Structure formats: structure tokens, C-alpha cells
Amino acid sequence: MQQRSNMPSWTRLKQRFFKASRVLLTSSGVAGCVIILRLTGLWQASELGAFDMLFRLRPAEPIDERIVIVGIDEMDLRRVGKWPIPDHVLVQLLTKLQSYQPRVIGLDIYRDLPVEPGYAELQEIYRTLPNLVGIEQIKDQANVGVPAPPLLAVRQQVGFNNLVFDVDGKVRRSLLYWSVDGKSHRSFALTLALAYLSHDGITPQAASRGKRYLQLGQAVFRRFENSDGAYTRADAGGYQILANLRGATGTFASVSLTDVLKGRVNPEQLRDRIVIVGSTAVSLRDFFQTAYSKELVNSSPQPTSGVELQANFASQIISAALQGRSAINVWAEPLEWLWIFVWAWVGAQLSWTVRSPSRITLKLLLASGSLVGFCLLGFLWGWWLPLVPPMIALAGSAIVLMAHVAYLQEELKRSKEFLGKIINAIPDPIFVKDRQHRWIVLNQAYSRFLGYPLEDLLEKSEYDLFSQQEATVFREQDQLVFSSGQEHEHEEVFTDQWGATHYIATKRSLHKDAAGNLFLVGVIRDITGRKRMEDELKRTTAELIRSNATLEQSASHLRHLANHDGLTGLPNRKLFHERLDQSIEWAKENSQPVGLLFLDLDGFKLINDTHGHDVGDLLLKAVAKRLTSCLRGSDTVSRLGGDEFTVILPAIPMAQGAARVAEKILQTLAKPFVIKGHTIFVTTSIGISLYPQNGLTVDVLVKEADSAMYSAKELGKNRYELAATSETVSNE
């Protein structure tokens with residue numbers, strides 16, 4: 001079956017809006033639930049795991065040659081013979097290291113008490129090495145605290161090595177400053193970095209874009225807040241930053257204590273560098289879990305030594321200050337919420353447009369891969385984008401909408417089966433359409449009437465079958481019922497498969513099933529025979545009149561033109577006055593009342609201005625037709641001019657009878673008019689006068705009815721009012 005034309009653009013827009021509203025509501029609801037659960041901390045563990053995954057997916061960074069680790073491993077412990085290592089061994093080590101002219105030496109070993117022999121010599125080293133930095137541990141909830149070597153503390157050559165642990169025991173943040181009892185302490189890594197950067201003239205400054213932030217060279221170190229990234233109500237004490245580690249264990253050049261003492265180290269490897277001395281022996285348990293502790297394909301954890309962790313912290317500060325190496329940045333919460341909503345919308349959109357389970361699964365996998373790709377790309381640029389919440393929102397909205405679609409389809413299937421059983425038992429052609437104006441259920445009578453097999457009609461629309469003009473009329477009538485929700489009957493013309501033209505009367509109504517699926521049911525009556533008989537009768541009558549009474553017809557026609565309105569064919573003002581005068585004379589002789597209704601259309605000028613005078617004239621003709629069809633044969637409807645109409649009601653049963661007629665007119669004209677493709681709504685205001693209560697002459701009755709009509713307009717329009725001197729009848 002060949003398609004004749006496409007459906008109107010406004011229908012396509014309406015369908016898109018319907019789809020968009022479903023998708024928007026679903027994605028908003030799912031995204032809202034995911035965000036609320038995120039604020040409670042439900043996703044924090046999984047988000048931190050995804051954060052670690054991004055670190056491991058990131059390409060390995062080159063070794064920072066500015067930092068060298070002197071590790072104290074198991075072989076060194078066996079050579080020294082005990083732990084802590086004696087002071088005289090430290091003296092030998094520091095003396096040897098200083099001979100290589102490093103820029104800074106960091107001693108990541110607690111040394112608050114003497115370990116003889118060699119304590120006096122070590123104190124002398126503390127006094128004479130200006131580039132030596134020791135450590136202290138500040139007392140907190142987890143640690144009792146270890147003081148710094150007194151001489152280094154006096155010379156302000158110490159830094160604390162306290163770490164910040166997440167709920168899973170991993171280190172993902174580092175401290176720069178920590179205020180205790182009103183005194184500010186610097187971290188070990190920051191102290192090393194500042195000593196190194198001072199040779200390049202870089203000193204701590206307050207950032208211009210945020211005075212509470214530290215600026216070093218090219219870098220501004222944004223202070224960590226308790227809700228940054230995946231964190232929920234995290235401990236944000238001190239000056240914390242998100243740690244941007246360079247890689248897994250072994251990302252810094254390393255030599256052993258024994259190699260240094262025996263002179264097996266190239267002096268150029270240590271010259272002008274930061275040298276950090278610390279434990280790497282497993283037996284000393286100075287190891288911590290980080291984002292790199294678990295490889296993607298290896299489930300065994302690979303912890304990082306404390307000395308290498310401090311090297312990472314110092315490297316992050318130096319690289320940011322000198323090369324502008326990106327920190328780990330996070331979005332503001334509203335932007336993260338929008339990100340989650342976008343992916344919820346993607347899931348809902350995919351689920352609504354792709355109904356096949358296998359295809360939707362494939363597309364969801366592709367969307368998930370794209371989400372991971374976006375997050376990884378953002379991470380490479382230094383941005384930590386949410387991954388787990390949008391992934392859950394993506395899948396959640398898709399599942400919710402898939403379940404909803406499945407429910408709608410199941411109910412639709414049941415409704416179609418039920419409707420099919422009913423309408424196939426009816427001999428009249430019947431069709432059932434969905435909101436998209438597609439035929440979803442048809443009976444055999446409809447198939448025979450159109451001349452097409454049922455399988456060629458189902459899931460099609462009138463634009464696939466009829467001409468553009470015919471299909472547009474059908475669509476307008478369908479849409480009128482969809483819009484108003486009211487039953488409607490209309491006469492139409494269509495051409496069947498064999499080219500024959502049929503006149504039909506279609507009665508349309510709406511029905512809804514338990515799932516809310518809305519259907520339009522149309523019942524067709526073929527009135528072709530009746531229409532042809534009417535046309536033949538008119539033709540025969542016209543020929544008879546023309547052949548036998550040409551002169552009389554001409555005279556009658558002239559009289560008709562003189563007494564009737566040229567547009568509507570109703571009696572004009574002249575004939576109205578004659579008819580009303582006759583009705584009054586008859587009423588006097590028979591002691592009967594006469595009612596007069598004066599009508600004025602509400603807002604007719606706006607309709608004329610909006611749609612044009614052609615549409616306005618057609619509306620006046622339609623109003624005249626409706627008025628005539630809803631009144632008695634003895635009543636007279638006239639058009640006085642413009643949008644003013646009158647109705648003469650002879651022998652009306654007083655005011656109550658005239659009020660009932662006015663009510664009927666109001667209801668009749670309130671129904672929509674479809675004119676030249678426009679659906680037009682118009683109302684009227686009615687004034688009522690009665691003979692003899694309101695007057696005994698034509699002029700008085702017209703004046704009283706006209707005055708009552710203006711009262712109806714002033715009281716809100718679309719109503720009627722009785723002349724003031726008549727008995728009161730409520731029209732509310």
C-alpha cells in the first residue's frame with residue numbers, strides 16, 4: 001500500500017512532546033532518588049572505588065627525578081643489627097648524603113630519644129645541616145604523638161607526617177597545615193617542597209582568587225571540603241588537598257642505606273635533589289593502602305611505604321608549583337546533580353526509543369562505556385567527575401521506563417484483544433486508534449468497507465491510505481475528540497480502493513484502559529444512498545420548479561431577498577418585525593404569551609481579526625444552522641445584522657419556558673466549531689423579554705430584550721438574563 005502523504009507537523013510535535021514528558025518525568029524521578037541516596041553517603045564506598053579505578057586507568061607518569069628515596073630495607077636492618085638504627089649510623093648516613101650536595105634532606109624517621117652510641121654527634125649534625133628536615137607526629141585520636149628532634153624543632157626544620165584515612169582505610173588526601181592549640185604546623189611533605197622551591201624564589205602566598213587558599217608559583221591549592229567529590233560529611237580538619245599520586249609503588253628513584261654508606265651511589269643522582277630517608281622494610285609495617293594498592297587484574301593489595309607516600313605528596317606540590325601539574329578538582333554540587341540527571345535522561349531516552357531488550361542492553365553498555373570514557377577524559381584533565389551515581393541513574397531510569405513500557409504494552413494487548421472480540425460482532429465498520437492516530441484494532445466490516453486486508457491497515461494512519469484532503473478532515477475530527485474528550489459525530493467523504501466515493505457519518509468517542517492507554521473508537525455509517533436520494537430529489541424538484549413556475553420563482557426569489565439575510569438565509573430585520581407583530585396580534589386574540597430572545601456572540605470581533613472575515617462569515621452561517629436546528633418549527637430565528645440574532649417564541653410557557661430555551665441555545669453554541677481547519681469556540685449572551693409582562697409593542701419588547709442582553713454581558717457573558725420587570729428565574 002503506497003503512502004499518499006505525511007501526517008501534519010503539529011501532530012508530530014505533539015507526539016514528541018508526549019514522549020519527552022514521559023522521559024523527563026522518569027529521568028527526573030530517578031535522578032532525584034539517586035542524588036538523595038548520594039547525600040546520605042550510600043554510594044561513597046563505590047564512588048571511592050571508582051576514583052581509584054580512574055587512577056589505575058590513567059597512563060603512568062614519568063619518574064620525578066627531583067626526589068630520591070634512601071630506603072631502609074630488610075638487608076639494611078640485618079646489617080645494622082637493630083631498630084631504631086643507632087645514632088652513629090644516622091650520622092654516617094647524613095654526612096655521606098650531605099657530601100653529594102642535595103638540595104634538601106628529609107629524615108622520615110622518628111628521633112625524639114637518643115639511640116647510643118653517637119647521640120652527641122647526631123646533635124651536632126642537627127646544628128650544622130641547614131637543609132635537613134625531620135618529622136614529628138601530632139597527637140590525634142589515633143596516635144599518641146611523637147615530638148620532633150628538639151634542635152630541629154627550634155630551627156623550624158620539622159614537619160608532621162600524620163596521614164588522613166578514608167572510611168576504607170586508604171589514603172586519598174594529604175595535609176598541608178594543621179593548627180593545634182592555636183599553633184600552625186606544616187606537613188613534612190610541604191616543608192620539603194618549600195625548602196626545594198625556595199632555591200627558585202618561590203615562597204608561600206595567599207591566592208588572589210581566594211585569600212584562604214595557598215598559592216605556590218603556578219599553583220593554587222584549593223582546600224578540601226567535607227562534601228567534595230564522593231565524600232559525605234568527611235573530616236575536613238586542617239588544610240587538606242586531594243592527593244594526586246604519581247603511580248604505584250616504585251615510581252621514584254631509590255637507593256638503599258647500605259649503598260649510600262658504602263659509596264655505591266652516583267653523586268649526580270643525588271645532587272640538587274630532595275633526598276628522603278625512610279623505612280621500606282616490610283617488618284617495620286610502615287605501609288599504607290592507596291588508590292594504586294590494587295591492580296585492575298590483580299586482587300592482591302600492593303601497599304605503599306610511608307616514605308614513598310611522603311615523596312608523592314612533595315612531588316605533587318613541586319610539580320604543581322613549577323610545571324602547573326593539575327590538581328584533582330571537583331564540580332560544585334549543583335553541577336554534579338545536573339550531570340547525574342543528564343545520564344538518567346540518556347537511559348530513559350534509550351529505553352523509550354528502543355523497545356527491543358537486546359538492543360537496549362547493547363546501547364546501555366555503549367552508554368556506560370561512554371560515561372566511563374568521559375570520566376576518564378575529565379580525570380586526565382584533573383577533574384573528578386561522578387561515575388557511580390550517573391551509572392546507577394542511567395541503568396535505573398532505563399529499567400523503570402522499560403518496566404512502564406512493558407506494563408503499557410501488556411495492558412494494550414489485553415485491551416486490543418477485548419475490543420477486537422466486541423467490534424467483530426458488530427456489522428458497522430469500526431476502527432480503534434491510539435494517541436499517534438494509528439489504527440490498532442479494526443473489525444472485518446471496516447476492512448471490507450475500505451477494500452484492504454486487515455494486515456495492510458493495522459498500525460497505519462489515514463495519511464497512509466487516503467488523499468491529503470480527505471486524511472486532513474479525518475485527522476481534524478479525531479483530534480477534536482482527543483482535545484475535547486467529548487463524543488462527536490461528523491459527516492465525511494472518502495474514496496475507497498476502487499476509486500468509488502462514499503458519504504459516511506462517523507461517531508467518535510474516547511475510551512481508556514486500566515493502564516491509562518487512551519483509545520479513539522469510531523463507528524461508521526454509510527450514508528451514500530441517502531445522500532444520492534436527497535441530491536436526486538433536489539435536482540428533480542428544481543427542474544420542476546424551473547419548468548412550471550419560472551416567473552413565480554423569480555418573484556418569490558425577489559421577495560426572499562427582500563426579507564432574508566443574504567449570508568445566513570435567516571429572516572432579516574424587516575421580516576423579524578413583521579413576524580413579531582404577527583405573534584403579538586395572535587397572542588392578544590388567544591391570551592397567550594410570546595417570548596423574545598436577543599442574542600449577541602461573545603468575542604466575535606476577535607475571531608474576525610484573528611482568522612479573517614471569511615472564517616467569520618462561515619462561523620455566522622454555522623451559528624444560524626445550529627440555532628435553527630435546536631428550536632421548534634414554530635419559532636422564528638432572525639439575524640438583525642453583524643453577530644446579533646433574535647428568536648421569537650410564540651406560546652412559550654412564561655419565563656421558565658423561555659429560560660429553558662436559552663439554556664439549550666447556550667449549550668448548543670458552546671460546542672466547538674471546525675471551520676477551514678480551525679477549531680473555534682464561541683459563546684453568546686442572551687437577553688429575554690416577554691409579552692405582555694415586559695411590553696405590549698414590538699419596539700418595547702426589543703428594547704427590553706436588548707437591555708437584558710447587555711446585562712448578561714456585564715455579568716460575565718455566556719449566560720442569559722431576563723428583562724428587569726419579569727418574574728425572577730435563576731439561570732445559575
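Modeller: Helix α7 (residues 188-198) packs against helix α10 (residues 306-323) at an angle of about 40°, and their axes are 8 Å apart. Bear in mind that this is a predicted model. Angles under 35 degrees would count as roughly parallel and 65 to 115 as roughly perpendicular, so α7 and α10 end up oblique to each other. As for handedness, α7 passes α10 in a right-handed crossing.

Now for who touches whom. On the α7 side the contact is made by Phe-188, Ala-189, Leu-190, Ala-193, Tyr-196 and Leu-197. Facing them from α10 are Gln-310, Phe-313, Ala-314, Ile-317, Ile-318, Ala-321 and Leu-322. Sort the residues of that contact by type and you get twelve nonpolar, one polar and no charged.

A few things elsewhere, while we have the model open. His-88 belongs to helix α4 (residues 87-99) and is partly exposed, at a relative accessible area of 31%. Setting aside neighbours within four places in sequence, His-88 is in contact with Pro-117 and Gly-118. From His-88 to His-199 you go 111 residues in sequence and 30 Å in space, C-alpha to C-alpha.

On the cysteines, the disulfide count is zero, taking sulfur atoms within 2.5 Å as the rule. Cys-33 is partly exposed, with a relative accessible area of 48%, whereas Cys-375 is buried, at 0%.

Note on methods. Residues are numbered from 1 along each chain as its sequence is written. This is a predicted model: local features need pLDDT of at least 70, side-chain atom pairs count only at pLDDT 80 or more; totals for chains, interfaces and linings use all residues. Side-chain values use heavy atoms; hydrogens and water are left out. Axes are lines fitted to C-alpha atoms, for helices over the stretch in contact, and angles run from 0 to 180 degrees between N-to-C directions. Helices (H or I, at least four residues) and strands (E, at least two) are DSSP runs, numbered from the N terminus. Angles under 35 degrees count as roughly parallel, over 145 as roughly antiparallel, 65 to 115 as roughly perpendicular and the rest as oblique. A crossing is left-handed if the near helix is turned anticlockwise from the far one by less than a right angle, and right-handed if clockwise. Contact means heavy atoms within 4.5 Å. Ala, Val, Leu, Ile, Met, Phe, Trp, Tyr, Cys and Pro count as nonpolar, Asp, Glu, Lys and Arg as charged, and the others, Gly among them, as polar. Buried means under 20% relative accessible area, exposed over 50%, partly exposed in between (1.4 Å probe, protein chains only).
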